[in-house]
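Subject: Structure handover

Hi,

Here is the structure I promised to pass on to you.

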Amino acid sequence: MLLRAVLLSLSLGFWVFQFVVSEIQLGSRLVVGENSLWVSNNGDFALGFFNPPDLPNRFSIGIRFNSESIPSDQRNVVWVAGAVVSVTGNSSYFELTRNGELVLFDSSLGVPVWNSKTNRLSVSSALLRDDGNLVLMKEREEIVWQSFDTPGDTLLPNQKLSALEMLRAASESSRSSYYSLIIEDSGKLELRWESSITFWSSGNEAEKKKEKIGAVLTPEGALLLVGQDLTRPVWSVFGEDHNDTVKFRFLRLDRDGNLRMYSWNEDSRIWKPVWQAVENQCRVFATCGSQVCSFNSSGYSECICPYNAFASVSNPKCLAPYQKLGCKSGFIMAPFKNMELYGLYPANDSVISLISSQRCKKMCLEDPACTAVTYRNDNGGSPQCLVKLTRYISGYSEPSLSSVSYVKTCSDPMAVNPNVSRGSVTVTKSRGVCIPCLVGATSTTLVLFLAFQVGVVVYIYRRKKKQALKKADRFSKATNPKGLIIFSVDEIKAMTSNFDHSIGPRIFKGVMPENELVAVKEMEATLSEERKFRSSASKIGTMHHKNLAKLEGYCCERGKRFLVYEYAKNGSILDHIVDPLQSKKLTWRKRTETCLSVAKALFYLHTECREFVSHGNLNCGNILLGEDMEAKLTEYGFGSCAADKDVEDFGVTVLTLITGMCEAEGVVSEWVYREWIEGRKETVVDKRLEGGFDVEELERVLRISFWCVQVDERLRPSMGEVVKVLEGTLSVDPPPPPFTRARSSPTNSSESDQSLYECIRD
């Protein structure tokens, strides 16, 4: 799940002022700048604003422990309004309105960003109860809404998790939490990764009757699965301090994917874990992401990347080293003993039984899609070969494991042997060897070798010079070592008829001598130095993806820079947006397909090339449309920005495609967000579609685009996450306001038509 849940276990030491209220009256308000709190009668819990982790300028509203017996840095948050929602500005507030609704208002945006939707339930007051439950009540103290019904990652004693609810682990930065705790239809409690992989479940039998089962944490320290009558536990586990005198407990799904029960220890003054669902942390699915979980000498689990020894370039994401392109010497299978690996994307390893280890390795070597295999041959079981078809691999390593994993890697020689530590190289002097003789022989051999190399270089240079002088009158086709054609400025002018036919912003239709159509893109000469430009062009010439326009050649002379791409018959996306006639070709389906295609192309650049490649200047002007209206990116590979910049540009591009309006300093983005947060998302869709769009798909696309344009780049998703959201295989939470300040933005669609509809062509 693509989540942006705040870290519910955050310590909150800066809540200063407290107001103990037995009842919260209509019209009561908490303001960010006042540091005030609503406190339970017994003082054990408090509701107020706090900073989410790593976001010092944003504020969420939540309930945390408040007892004086718990130090301020141990007062964990147990519930947050809206989970991921936060606000900015000291004037933002949380209010119980006169209409009986809890509202979180963002003063910088001027709109509410969360509410309890209880304005029609005749609410007369609110109360933060002594058990940490925030409730809204009618006149006769009838509860019509309670925070216990909307848990985040934590359960308090006597708080019930029903079959329609779940706990979700918190996350940090832009890495989503994929872990959830749910009650399955059969009545079992399950820990899941990405809603599809179950890696732990309670041991109770499946319920034959369709009885509603719920999970509850008891004050005595037991986790129970109970029926509706709350009298018959169908399953139970107990903390190690069960029935001991413990004042505070909670159950939490932690960020590492494990479910734990915590008790407050008065002696040590810490929260002590007294039970956890998965005893061996390394057996929590993907607990280390795309790394491998192992145990250090102290007995603690840690995440390692065993493939770095075979990576020719930096591998911060710890991807499996195998790549189809760029390996000259063939591939080998590197062994890793006592290690079990499994694929993440997709998480569906193929299993082949009754097979030998040698055959398992050979099958992977012969399969161009295979990246690694794990061979199992446990005592009493049949041999198995688990085949991975992805570079995103997780796993665990233990000395007791009999499994052996083999990772496909290139056998090309490397400048430095990665398996040898520089500090551990030793030299042993052998007896009976004439060292001066060896030195002399080696020197002579080296001199002869260098002389031969110089001769070869001189011969090649003279031959190439002679060939260049024999240039015919026909169209020149000099190529660089990557097979790209190097054109002169005169040749570029000739093929484009002096730039007569524009098919996009600074993109022209061209014709090669063999009547091959091409698209010629004029680049800013100041973008890069000549050597850097040539180097980038050569690197791009090795890239192949169906959504990247193939680079045929380039021109770099007289202060001019041109890129020659395969021809795209239908011009650029920008042309279709600004042209009322061409815009009809951009149906809703074609727009969403374009978003996905561009996302896949960026994902390829960021993770699938031999080294990270950024686009650096993504916009609708450099997205071309081929014969079947398939998207083709141009101008990629010449930027030097981080991935986060590409993600932001992608979000802006998506909003442009959806609205038919070009971004102008955030105006479009902020207007679209305002319409969405106020429940009018349908108004932002390009009117030329005449209502022909999918509402659920629109919601998903808007949400992920808002995550992409977050001002805090740490909150932006990776392009891999974006692809999965657009494919519909990963859910996405409502995003927080992505802007640091509110700009003047249109308040209705008619105003937006007048002020935002023009796109400026480069």
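Below is what I found in it, starting with conventions.

This is a predicted model, in which local features need pLDDT of at least 70 and side-chain atom pairs count only at pLDDT 80 or more, while totals for chains, interfaces and linings use all residues. Residues are numbered from 1 along each chain as its sequence is written, and side-chain values use heavy atoms, with hydrogens and water left out.

Helices α7 (residues 643-659) and α9 (residues 695-708) pack with their axes 8 Å apart, at an angle of about 145°. Helices here are DSSP runs of H or I with at least four residues, strands are E runs of at least two, and both are numbered from the N terminus. Axes are lines fitted to C-alpha atoms, for helices over the stretch in contact, and angles run from 0 to 180 degrees between N-to-C directions. On the α7 side, the residues that meet α9 include Val647, Phe650, Val654 and Ile658; on the α9 side, Leu698, Val701 and Phe706 are among them. Contact means heavy atoms within 4.5 Å. The residues of this contact divide into 10 nonpolar, two polar and one charged.

Buried means under 20% relative accessible area, exposed over 50%, and partly exposed in between (1.4 Å probe, protein chains only). Leaving aside residues up to four places away in sequence, Phe650 touches Cys595, Leu602, Met719 and Leu726, among others.

An open sheet is formed by four strands in the order β14-β23-β24-β25, with antiparallel pairing. Its edge strands, β14 (154-155) and β25, each pair on one side only. Strands β24 (residues 259-265) and β25 (residues 270-276) are paired antiparallel over six bridges; two strands pair if DSSP finds at least two bridges between them. Ser263 has Lys272 in β25 as its bridge partner, and Met261 stands opposite Trp275 in β25. The hairpin of these strands has four residues between them, and Arg269 takes a positive phi near 55° there.

**Loop residues**

Most residues other than glycine have a negative phi. Ala286, in the loop between β25 and β26 (292-295), has a positive phi near 60° and counts as buried at 7% relative accessibility. Ser497, in the loop between α3 (489-495) and β37 (502-504), has a positive phi of about 50° and counts as exposed at 53%.

Glu529 lies in the loop between β39 (517-523) and α4 (530-540) and is exposed, with a relative accessible area of 63%. Its C-alpha atom is separated by 9.7 Å from that of Gly559, 30 residues apart along the chain.

Best wishes

How values were computed: Nonpolar A, V, L, I, M, F, W, Y, C, P; charged D, E, K, R; others polar.
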